[in-house]
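I open this notebook to record what I looked up in one structure. The entries follow the order in which I consulted it.

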Amino acid sequence: MTFTACWTSYMCRLQMPILAVPMIRERPVNHTNGVCVFDEPAESTRQRRSIVLDALDPAGYLESYILERIELKQAESHWRQRRAAEVVTRSPDAPIELFSGLPFDWSPEVRGQLIAAYSYGNVPGNFIGGYLALRYGPRKAVLWTSLLAAGISLLSPIFAQIHWGALLSSRIIIGVTGGVIFPAGHTMVAKWAPPNEKSRFVWSMLGGTFGTIFTYPMVAAIAETVNWESAWYIPSLLMFVWIIVWALIAYDSPMEHPGITLEEREYILSSQAGTVRPEKPTWKQTPIKKILTSVPFISLVICHFGNLFLLFFYQNSLMLYLTKALGFQLTKGGAAAGAPWAGRMLFGFFFSWIGDTVKRKNLMHVTILRKVATIFSHLLPGIFLILVGYVGCDIVLANVCLVLALGFNGAAIISNLSNNQDLAPNFAGFLYGIMNTVGCISGIIIPPMVEEIAGKYGNPIDRWQTVFWIGAAVCIASMVIFLFGGSGQIQSWNEIQPEQSNDQELNRTK
């Protein structure tokens, strides 16, 4: 259920970036085609004929080829501009209606803000999610925030017709609700997972990665075959069905589940004895000061920031590099587009199995395990990120680097994504809320950084290489800090202290 919670959360998260294309009219612009030249199938036949006819005149063939390319690009640009001008858009004064299918005449700046709005809400949402999971339990936190997200997503086409500002506000709220999911999931894992199986339980957090693979083709297909409004409605209605299932079968802990067998409950509770308390800690029992001044936790937060910096970089900027700087026409279809993320899921399950095996057989100390894992989750992806900037027009090699980079990042399951469970399983969700609050700031930093370094100069490759080096440096530097300050030991502040009554507090003061 934690896996599906992350999955449905990402479905709400990705609707706007996908539907921003059919929802907003494409304005006449000069399209950048990049430094790489890829022939269309129709052209290749004509060019093969030209090669035969001009074999005796290579210089003449080259001149003819260049002129043909220029004419083709000019014709394509003219066709795009004419098509964009012919598109009928929705009038701002038009009454609200369902299933009109008409796009809006919004500027690229508005589109960018609509896409970024989720991150504006997601940053504080993670901290709020940590508190809600701590205070009310993950089941209720996920239930009520998912209901809110599904309801707002269902009404998004109406918000868009009212004003783009209403849609932007709704996306911020959905971002806040999305921030609740992962802290709640970590709280649930802490309650349900035996210590030697915890890595595989944490793997359920990669339900969001599966959501990426699943959502892109589903939402895009609905928008293309029906209309963009239905691509808001149908996933939202499916999410309501999932919420009913969650309400019926998800429980915060083995102690609260009415259908668990006695044998299974005793197995889980006995394996967690001495580390996980069954009761929910209150806000007063949460050692905020000790958490924020803990060197192992601060090192973990920095390590997690580097990991999310890498992921947001791939999500938000890499496709821009391949299409604008190089001119790749990327493989169409959801399966091919999701290959790197599928690699992350598969590698993640493999690494989680390794992590649990190492812990069960005591092959190495947990602290060493977490630090060794960062070599795969941070160092190797950083290296592959740099290589992408130097593979040039070899799209096969570029995709191999992408799959390997995100694949090896699946080792984050046994490095930064599990370390909060090591430090304080009683406060695992709250710790993850703080980690993700800081980490998701990278989603706000990266887009303007990329535009400042490369975008405003026309996306030349040499400037993109600088961007890749910065992304890799952040990821690898965060790993180095964790190597020095990280720990896999349970911290002393994990123990839940009993609350003092007013009389006890008064006597202690005297």
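**Entry 1. The second largest cavity**

I began with the second largest cavity, which has a volume of about 160 Å³. I recorded 19 residues in its lining, and the closest to its centre are Ala-133, Thr-187, Lys-191, Pro-281 and Asn-426. Helix 4, helix 7 and helix 19 are the elements that give two or more residues to this lining. By class, I noted eleven nonpolar, four polar and four charged residues in the lining of the second largest cavity. Domain 1 (1–25 + 104–278) and domain 2 (284–495) each supply at least three residues to it.

**Entry 2. Conventions**

I note that the model is predicted, that local features need pLDDT of at least 70 and side-chain atom pairs count only at pLDDT 80 or more, whereas totals for chains, interfaces and linings use all residues. Residues are numbered from 1 along each chain as its sequence is written, and side-chain values use heavy atoms, with hydrogens and water left out.

A cavity is a set of points, on a 1 Å grid over the protein atoms alone, where a 1.4 Å probe fits but cannot get out; lining residues have an atom within 4 Å of a point. Grid points are joined across faces, edges and corners, and a volume is the space filled by probe spheres set on the points. Helices are DSSP runs (H or I, at least four residues), numbered from the N terminus. Ala, Val, Leu, Ile, Met, Phe, Trp, Tyr, Cys and Pro count as nonpolar, Asp, Glu, Lys and Arg as charged, and the others, Gly among them, as polar. Domain bounds come from an automatic or database domain assignment.

**Entry 3. The largest cavity**

How many cavities of 30 Å³ or more does the count give? I found three cavities under this rule. The largest cavity has a volume of about 300 Å³. I recorded 24 residues in its lining, with Tyr-10, Arg-13, Phe-182, Leu-308 and Leu-311 nearest its centre. Among the elements that give two or more residues to this lining are helix 1 (2–23), helix 4 (108–136), helix 7 (164–192) and helix 19 (428–439). Helix 13 gives the most, with six residues. The lining of the largest cavity divides into twelve nonpolar, ten polar and two charged residues. Domain 1 and domain 2 both give residues to the lining, so the largest cavity lies between them.

I placed Arg-13 in helix 1. Arg-13 counts as buried because its relative accessibility is 12%. Its C-alpha atom is 9.6 Å from that of Ala-149, 136 residues apart along the chain.

Ala-5 also lies in helix 1 and is buried, with a relative accessible area of 3%.

I then turned to Ala-428, which lies in helix 19. Ala-428 counts as buried at 1% relative accessibility. Its C-alpha atom is separated by 5.6 Å from that of Thr-187, 241 residues apart along the chain.

**Entry 4. The largest nonpolar core**

A nonpolar core is a set of buried Ala, Val, Leu, Ile, Met, Phe, Trp, Tyr and Cys residues joined through side-chain atoms within 4.5 Å. The largest such core has 117 residues, of which Met-23, Trp-106 and Phe-297 touch the most other members. Helix 13 gives the most to this core, with 14 residues. Domain 1 and domain 2 both contribute residues, so this core lies between them.

The expected span of a helix is 1.5 Å times one less than its number of residues. Helix 15 has 22 residues and reaches 32 Å from its first C-alpha to its last, close to the 32 Å expected. Helix 17 (residues 395–408) has 14 residues that should span 20 Å, and its end C-alpha atoms are 20 Å apart, which agrees. I listed the buried residues of helix 17, including Ala-398, Cys-401 and Phe-408.

Asn-362 is found in the loop between helix 15 and helix 16 (366–388). Its phi is near 55°, a positive value in a residue other than glycine. Asn-362 counts as exposed because its relative accessibility is 64%.

How values were computed: 1 Å grid on protein atoms, 1.4 Å probe; cavity = no way out; pocket = protein on both sides within 12 Å on 5 of 7 lines; lining within 4 Å. Buried < 20%, exposed > 50% of the residue type's maximum accessible area, 1.4 Å probe, protein only.
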